[in-house]
Amino acid sequence: MSMEPFNVAPLLDAQNRFRHEFSDFARLWQATKEDWRDDRSERFEREHLAPLGPSLTRFASSLGEFLEMLQKSQVEIADTDQDYRELY
């Protein structure tokens, strides 16, 4: 019994949406900082926003590694008489 390839399209879509949405958020935050300049805004940025960039970078890296491992595992378990070597 052969295994069907895992559909990674939703994962790739999510990865792209995270990147796009975070870029939009960063742009909007920069615009907000133009008007909101006080201790509270600095504390908010330091405590809540500063950790987001590194966390999202780690997430994107981990997701990329996961997708690569899925692809490799699919190649390893694919039936030799069927071409399931490409993810769709």
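Trainee: Among contacts in the protein chain between residues at least 6 apart in sequence, what share joins residues at least 24 apart?

Mentor: The share is 70%. Please keep in mind that this is a predicted model.

Trainee: Noted. What does the secondary structure come to?

Mentor: The protein chain has 3 helices and 0 strands. Along the sequence, the pattern reads α-α-α.

Trainee: And how much of the chain is buried?

Mentor: Of the 88 residues in the protein chain, 16% are buried. The chain exposes about 7,100 Å², and carbon and sulfur atoms supply 55% of that area.

Trainee: Let us turn to H3. How many residues does helix H3 have, and how far does it reach?

Mentor: Helix H3 covers residues 52-77, which is 26 residues. From its first C-alpha to its last it reaches 37 Å, close to the 38 Å expected at 1.5 Å a residue.

Trainee: Which residues in H3 are buried?

Mentor: They are Ala60, Leu63, Leu67, Leu70 and Gln74.

Trainee: The numbers go up in steps of three or four. Why would residues three or four places apart point the same way?

Mentor: An α-helix has 3.6 residues a turn, so residues at that spacing point the same way.

Trainee: What do the buried residues of H3 pack against?

Mentor: They pack against helix H1, residues 9-35.

Trainee: Which residues is Gln15 in contact with, leaving aside its neighbours within four places in sequence?

Mentor: Gln15 is in contact with Ala60, Leu63, Gly64 and Leu67. Ala60, Leu63 and Leu67 are among the buried residues of H3.

Trainee: A new topic, then: charges. How many salt bridges are there?

Mentor: The count comes to 4 salt bridges. One of them joins Arg17 and Asp13, with the closest N and O atoms 3.2 Å apart.

Trainee: Where do Arg17 and Asp13 lie?

Mentor: Both lie in helix H1, 4 residues apart, about one turn of the helix. Arg17 is partly exposed at 47% relative accessible area, and Asp13 is partly exposed at 40%.

Trainee: What about Arg27 and Asp24?

Mentor: Their side chains meet in a salt bridge at 3.7 Å, N to O. Arg27 and Asp24 are 3 residues apart in helix H1, so about one helical turn separates them. Arg27 is exposed, with a relative accessible area of 51%, whereas Asp24 is partly exposed at 23%.

Trainee: Then there is Glu45. Which residue does the side chain of Glu45 meet in a salt bridge?

Mentor: Glu45 meets Lys33, at 3.2 Å from N to O. Glu45 lies in helix H2, residues 39-49, and Lys33 lies in helix H1, so the pair ties together parts that are 12 residues apart in sequence.

Trainee: How accessible are Glu45 and Lys33?

Mentor: Glu45 counts as partly exposed at 25% relative accessibility. Lys33 also counts as partly exposed, at 28%.

Note on methods
Residues numbered from 1 in each chain as written. Predicted model: local features only at pLDDT ≥ 70, side-chain atom pairs only at ≥ 80, totals over all residues. Heavy atoms only, no water. Helix = DSSP H or I, 4+ residues; strand = E, 2+ residues; numbered from the N terminus. Expected span 1.5 Å × (residues − 1). Buried < 20%, exposed > 50% of the residue type's maximum accessible area, 1.4 Å probe, protein only. Contact = heavy atoms within 4.5 Å. Areas by Shrake-Rupley, 256 points an atom, 1.4 Å probe, with all protein chains shown as cover.
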